[in-house]
Amino acid sequence: TRLGIPLVTAAEGIQGILQNECTLFPHALAQGSTFNPALIQRMTEAAGEEARVIGIRQVLSPVLDITRDLRWGRVEETFGEDPFLIAEMGIHFVKGYQKQGVACMPKHFVAHGTPTGGLNCASVSGGERDLRSLYLYPFQKVIAATNPKAVMSAYSAYDGVATSGSSYYMTDILRGELGFGGYV
């Protein structure tokens with residue numbers, strides 16, 4: 001732009017590019033049920049080809065949230081409830097898009113998918129142990145293995161602290177501990 005801000009054309013890409021005439025694949029929950037990261041990478045390579053053709057250079061995916069409350073209305077957007085599976089699927093998901101020159105924005109950092117009462121923007125309960133052994137694990141692995149260009153912050157809170165406004169979560173952990181160098 002005239003101000004030197006790069007234009008990034010983005011789209012949802014959780015199950016393919018969500019635009020007219022693009023291929024839609026099964027939701028992430030069904031992808032996770034395959035336990036086949038290589039297949040998911042092939043899927044996102046194909047979706048990445050379509051993205052490039054229509055000018056999309058970034059997808060707002062994958063969802064690395066851990067879902068443990070079926071009342072949450074976004075369960076199908078996740079790979080499931082296991083941090084190891086989510087990390088493995090997330091790594092290959094990102095690698096497929098990146099192979100086609102499409103950047104990914106893993107989301108929602110951090111601890112967004114298990115909100116109190118299943119309410120989308122409600123706080124997620126847990127302590128430092130849950131944070132580190134559950135919620136950070138997929139982000140840690142995906143960031144280390146793929147170096148994504150962006151991460152989407154959660155728009156909820158963890159233990160009553162808004163994650164987006166927290167220097168502990170966004171600076172100390174995301175940038176300091178996980179070594180993330182892209183934009184949020």
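Biologist: Which residues of α3 meet α4?

Modeller: From α3 come Pro83, Phe84, Ile86, Ala87, Gly90, Ile91, Val94, Lys95 and Gln98. From α4 come Ser133, Leu134, Tyr137, Pro138, Lys141, Val142, Ala145 and Thr146. Contact means heavy atoms within 4.5 Å. The residues of this contact divide into eleven nonpolar, four polar and two charged. Ala, Val, Leu, Ile, Met, Phe, Trp, Tyr, Cys and Pro count as nonpolar, Asp, Glu, Lys and Arg as charged, and the others, Gly among them, as polar. This is a predicted model: local features need pLDDT of at least 70, side-chain atom pairs count only at pLDDT 80 or more, and totals for chains, interfaces and linings use all residues. Residues are numbered from 1 along each chain as its sequence is written, and side-chain values use heavy atoms, leaving out hydrogens and water.

Biologist: What makes a run of residues a helix or a strand?

Modeller: DSSP decides: a helix is a run of H or I of at least four residues, a strand a run of E of at least two, both numbered from the N terminus. Helix α3 covers residues 83-99, and helix α4 covers residues 128-146.

Biologist: Why is α3 called roughly parallel to α4?

Modeller: Their axes cross at roughly 30 degrees and come within 9 Å. That angle makes α3 roughly parallel to α4. Angles under 35 degrees count as roughly parallel, over 145 as roughly antiparallel, 65 to 115 as roughly perpendicular and the rest as oblique. Axes are lines fitted to C-alpha atoms, for helices over the stretch in contact, and angles run from 0 to 180 degrees between N-to-C directions.

Biologist: What makes α2 roughly parallel to α3?

Modeller: Helix α2 (residues 37-53) and α3 pack at about 30 degrees, with axes 7 Å apart. That makes them roughly parallel. The crossing is right-handed. Among the contact residues are Pro37, Ile40 and Met43 of α2 and Met89, Phe93 and Tyr97 of α3. By class, the contact has eight nonpolar, five polar and four charged residues.

Biologist: Why are α4 and α5 called oblique?

Modeller: Helix α5 holds residues 167-177, and its axis makes an angle of about 50 degrees with that of α4, at 11 Å. The two are therefore oblique to each other. This crossing is right-handed. Glu128, Leu131, Arg132, Leu136 and Ile143 in α4 meet Tyr168, Tyr169, Ile173, Leu174 and Glu177 in α5. That contact has seven nonpolar, no polar and three charged residues.

Biologist: How many cavities of 30 Å³ or more does the count give?

Modeller: One. The largest cavity holds about 30 Å³ of space. On a 1 Å grid over the protein atoms alone, a cavity is a set of points where a 1.4 Å probe fits but cannot get out; lining residues have an atom within 4 Å of a point. Points are joined across faces, edges and corners, and the volume is the space filled by probe spheres set on them. The lining is Leu64, Asp65, Ile66, His108, Ala111, His112, Tyr135 and Phe139. Five are nonpolar, two polar and one charged.

Biologist: Where are the cis peptide bonds at histidine 108 and valine 110?

Modeller: One joins lysine 107 and histidine 108, with omega about 0 degrees. Histidine 108 is in strand β4 (residues 107-109). Another joins phenylalanine 109 and valine 110, with omega about 5 degrees. Alanine 111 has a positive phi of about 65 degrees although it is not a glycine.

Terms used. On a 1 Å grid over the protein atoms alone, a cavity is a set of points where a 1.4 Å probe fits but cannot get out, and a pocket is an open set with protein on both sides within 12 Å along at least five of seven lines; lining residues have an atom within 4 Å of a point. A crossing is left-handed if the near helix is turned anticlockwise from the far one by less than a right angle, and right-handed if clockwise.
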